[in-house]
Amino acid sequence: MDLGLYLDNLLAGAPVLLSQLGAAALVLISGVFIYEALTPLREVKLIREGVTAAGIALGGFVVGLGLALASTLAHSISVLDVLVWGLFALVLQLVAFFGV
């Protein structure tokens with residue numbers, strides 16, 4: 001077992017992993033802000049007031065977008081892939097919210 005080979009592979013893949021993870025975090029955080037700005041309810045304000053349903057709604061949005069981003073991270077080949085598919089998932093969730 002060659003430990004040097006493992007370390008070389010780790011060092012070669014770490015920048016790609018970190019850049020894709022950063023892109024996914026950016027999409028997730030900006031997605032929450034966009035969701036909060038576009039939806040008629042202010043979930044964060046309601047959560048602070050103790051409304052449990054608002055927490056469940058916002059949590060469902062975050063989980064839904066997070067699952068789409070997790071799949072994107074598992075199958076992407078570049079940061080651009082993560083950004084494009086993450087934004088596509090965000091748009092789909094907003095369409096589903098306003099279409100219902």
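Trainee: To start with, how do the axes of H1 and helix H4 (residues 79–99) cross, and within what distance do they come?

Mentor: Happy to, and please keep in mind that this is a predicted model. The axes of H1 and H4 cross at roughly 20° and come within 9 Å. An angle under 35 degrees counts as roughly parallel, and H1 and H4 are therefore roughly parallel to each other. The crossing in which H1 passes H4 is right-handed. On the H1 side, the residues that meet H4 include Ser 19, Gln 20, Ala 23, Ala 24, Val 27 and Gly 31, with Ile 34, Tyr 35 and Leu 38 also taking part. Their partners in H4 include Val 79, Val 82, Leu 83, Gly 86 and Leu 87, and also Leu 90, Leu 94, Phe 97 and Phe 98. By class, the contact of H1 with H4 has 14 nonpolar residues, four polar and no charged.

Now bring in helix H3, which covers residues 52–75. The axes of H1, residues 3–38, and H3 come within 10 Å and cross at roughly 155°. That makes H1 roughly antiparallel to H3, and H1 passes H3 in a right-handed crossing. Among the H1 residues that meet H3 are Gln 20, Leu 21, Ala 24, Val 27 and Leu 28. From H3, the contact includes Ala 57, Leu 58, Phe 61, Val 62 and Leu 65. The residues of this contact of H1 with H3 divide into 13 nonpolar, three polar and no charged.

The remaining pairing to look at is H3 with H4. Their axes come within 9 Å and cross at roughly 150°, which makes H3 roughly antiparallel to H4. The crossing of H3 and H4 is right-handed. Here Gly 60, Phe 61, Gly 64 and Leu 65 are among the H3 residues that meet H4, whose own residues in the contact include Asp 81, Val 82, Trp 85 and Gly 86. The contact of H3 with H4 has nine nonpolar, five polar and one charged residues.

With the pairings in place, turn to the largest nonpolar core, which has 12 residues. Ala 23, Ala 24, Val 27 and Tyr 35 belong to this core, as do Leu 58, Phe 61, Leu 65 and Leu 69, together with Val 82, Ala 89, Leu 90 and Leu 94. H1, H3 and H4 each supply at least two residues of this core.

Ala 24 lies in helix H1 and counts as buried because its relative accessibility is 7%, where the cut-off for buried is under 20%. Leaving aside neighbours within four places in sequence, Ala 24 is in contact with Leu 69, Leu 73 and Val 82. The C-alpha atoms of Ala 24 and Gln 93 are separated by 16 Å, and these two residues are 69 residues apart along the chain. Ala 89, for its part, touches Leu 65 and Ala 68, not counting residues up to four places away in sequence.

Key: Residues numbered from 1 in each chain as written. Predicted model: local features only at pLDDT ≥ 70, side-chain atom pairs only at ≥ 80, totals over all residues. Heavy atoms only, no water. Axes fitted to C-alpha atoms, helices over the stretch in contact; angles between N-to-C directions. Helix = DSSP H or I, 4+ residues; strand = E, 2+ residues; numbered from the N terminus. Parallel < 35°, antiparallel > 145°, perpendicular 65-115°, else oblique. Left-handed = near helix turned anticlockwise from the far one by under 90°. Contact = heavy atoms within 4.5 Å. Nonpolar A, V, L, I, M, F, W, Y, C, P; charged D, E, K, R; others polar. Core = buried A, V, L, I, M, F, W, Y, C linked by side-chain atoms within 4.5 Å. Buried < 20%, exposed > 50% of the residue type's maximum accessible area, 1.4 Å probe, protein only.
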